[in-house]
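Good morning, and thank you for joining this group meeting.

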Amino acid sequence: MGSKKSDRREFLKSGAALASGMALGAATKSASGQLEGPEAFIQGTDELVGYGKRSRFVTSERIAHGGRPSPDAFGLDFHIAAPLQDSVGVITPSSLHYVGTTRGAYVPDIDPEKHRLMIHGMVDRPLVFTMDELKRLPSVTRLHFIECAGNRANRRHTTVQETHGMTSCAEWTGVLLSTLLEEAGVREGGDWIVVEGVEEVKGASSIPMTKAMDDCLLCYGMNGEAVRPQQGFPLRLIAPGFEGIFNTKWVRRIKVVDQYYMTYNDFGHLNQDPVSAALGYQIGPKSVITYPSGGQQLPGPGFYEVSGLAWSGGGAVSRVEVSTDGGQTWVDADIRGTAHPMAHTRFSFEWTWDGTPCELQSRCTDEIGQLQPSRAQASEFFNQSGRQSRVRGQDNSIQPWRIESDGSVHNAIA
Amino acid sequence: MVVFTMRLLKLLPLIMLLGVSAQAQSPIYGVGRTPTAEEIRAWDIAISPTGEELPEGSGTADRGSQLYLEKGCAGCHGTTGEGGLAPRLVKRDVGVREDPWDYGRILPIRSPYATTVWDFINRAMPLNAEGTLTPDEVYSITAYLLYLNDVIEDDLMVLDEESLPKIEMPNRDNWAQVPDWFPGQPRLEGYPY
């Protein structure tokens, strides 16, 4: 009782102090010697009451990827990279999630009331769903990364946004594709699906039925709200761990078919070499240190939590290692939180920098035992020569960051 | 691993068959409605490599060369299929090559099937007026692009729903199929990364 009374007294007192501070104006020095309050306040507006905004002091933004303007002369969005250097945790905010479009595409402005999904082809019962009907079906919520096939680092890149920004991770909510396919009843021989969007090129990819039935999701939710238009509002396919292009946006139609359809999307990612085809399909084990990373500046020697992201299309990340000597020796990093299958996983490593030049690297192993290679290891495996030889398929090679004695951090790809 | 995969491959049709027969009579949730045959026809624009869905119609490269100008293709892709803002439509000028991949990632020369060319023109072109071309027009423009790339040599050759899938594209068998996919399988057998 007594302690409650005293809490209340404290509250009344501090409340009175705050009120008088506001009345006198924020710039007034405190005569009592107490710490000053904030320099300014954010004016409440109807807009901010309705939908919040980040601080004006937080300016992290996406950038056009790969040197192509975005939007381009046609007003099309191409490839937009997420600011991984500023990321914390594993969720990419929807406004900062990377964007990739096939040869450029307009972002459709879709009224969800009018949007329909059709499932047809080799099924017993073709079906058409409204968005409301899809939301009546059993739902799942899962963390999944998406990564663009073009997320390939080179030595000209200066920041992690340039080297690795074409991947992001969000919490996705929707209906398992298997739920819908079972409802429609897949006929024998229906070994593939073609998933098609509404945009002007009506992008479509061929996906094997094994994948469709295993873990594909048709999502209406992203990070606790509706999927954003740039990410496929009102309905997006998530094909966990597959290259970005398979995650069809603005999904309107799913056709169950008997063969690989060689759609325009399929054609665009076609390979001549079976090794590249296999390595450019399901994303390999991959990680990158986001702090300290290229373009950042360490103030001086001392303690730092080295932090980064790891992910794999093969399952959950089971181990992350960090090297501070350019890959000669490795020590285990801590996995922060839970490592979810096909999701970005935050890792950290407690490190005291002695102020001498060094090279930081990270590598991960996934739950099925795939290990992230260095460029040299990947080349060596295929007997490719030259240090700069291209990593075949999806580039999942180790990213080196060099720290100079002045604390500046640089891309160390040779 | 090989044995495991083989077993899965053999079992899979059985598993899927069981799944189908168990639910053939009754859907579980009964949500959603059945589309009409007409709706399905109108929505279904996917054309397979074997061409079953191709609509009746026909065209020639000769007719396609006029449509290429009339429909605005030339405005974005260039009058000769190159030099425009939009992707190049004619093979790179590298002389005659043994490996057709050397001609570049250009749809009407690299695609293993002519059906992909037809499908993409039909669904995605012309920009801002997608889906407005008639089947005859799509057959003609497809024929013209194949003619520009020396895939067909006769500009009066008639392309239709029968002949189009039979076109022998130079890369017909010169491409790598993606591997069979199963959950928990490494990307490439024997590759540690």
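This is a predicted model: local features need pLDDT of at least 70, side-chain atom pairs count only at pLDDT 80 or more; totals for chains, interfaces and linings use all residues.

Among contacts in chain A between residues at least 6 apart in sequence, 70% join residues at least 24 apart; two residues are in contact if their C-beta atoms, placed from the backbone, lie within 7 Å. Residues are numbered from 1 along each chain as its sequence is written, and chains are lettered from A and ligands numbered from 1 in the order in which they are written.

Let us begin with the whole chain. The C-alpha atoms of chain A fill a box of roughly 80 × 55 × 50 Å along the principal axes. Chain A has 9 helices and 22 strands; these are DSSP runs numbered from the N terminus, helices being H or I of at least four residues and strands E of at least two. Of its 414 residues, 48% count as buried. A residue is buried if 20 or more other C-beta atoms lie within 10 Å of its own, exposed if 12 or fewer, and partly exposed in between, with C-beta atoms placed from the backbone.

Next, the domains. Chain A is divided into domain 1, residues 105–270, and domain 2, residues 286–411, with bounds that come from an automatic or database domain assignment. Their C-alpha centres lie 30 Å apart. Where they touch, 18 residues of domain 1 are in contact with 16 residues of domain 2. On the domain 1 side, β6 (140–147) and α4 (160–164) each supply at least two residues.

I turn now to a sheet. In chain A, 5 strands form an open sheet in the order β17-β16-β20-β21-β22, with antiparallel pairing; two strands pair if DSSP finds at least two bridges between them. Which strands are at the edges? They are β17 (331–332) and β22 (409–411), each pairing on one side only.

Consider β20 of chain A, residues 358–366. Because 7 of its 9 residues are buried, this strand is largely enclosed by the rest of the structure. Strand β16 (residues 317–323) pairs with β20 in the antiparallel sense over 6 bridges, and S323(A) has Q361(A) as its bridge partner. Strands β20 and β21 run antiparallel and are joined by 3 bridges, with C358(A) opposite I403(A). From β21 (residues 401–403), 3 bridges lead on to β22, again antiparallel, and I403(A) stands opposite V409(A) there.

Is S293(A) buried or exposed? It counts as buried, because it has 25 C-beta neighbours inside 10 Å. Leaving aside neighbours within four places in sequence, S293(A) is in contact with Q85(A), T159(A), V160(A), W401(A) and V409(A). The C-alpha atoms of S293(A) and F349(A), 56 residues apart along the chain, are separated by 14 Å.

Finally, the partner chain. Here 61 residues of chain A are in contact with 52 residues of chain B. Helix α8 (residues 274–279) gives the largest share of the chain A side, 5 residues.
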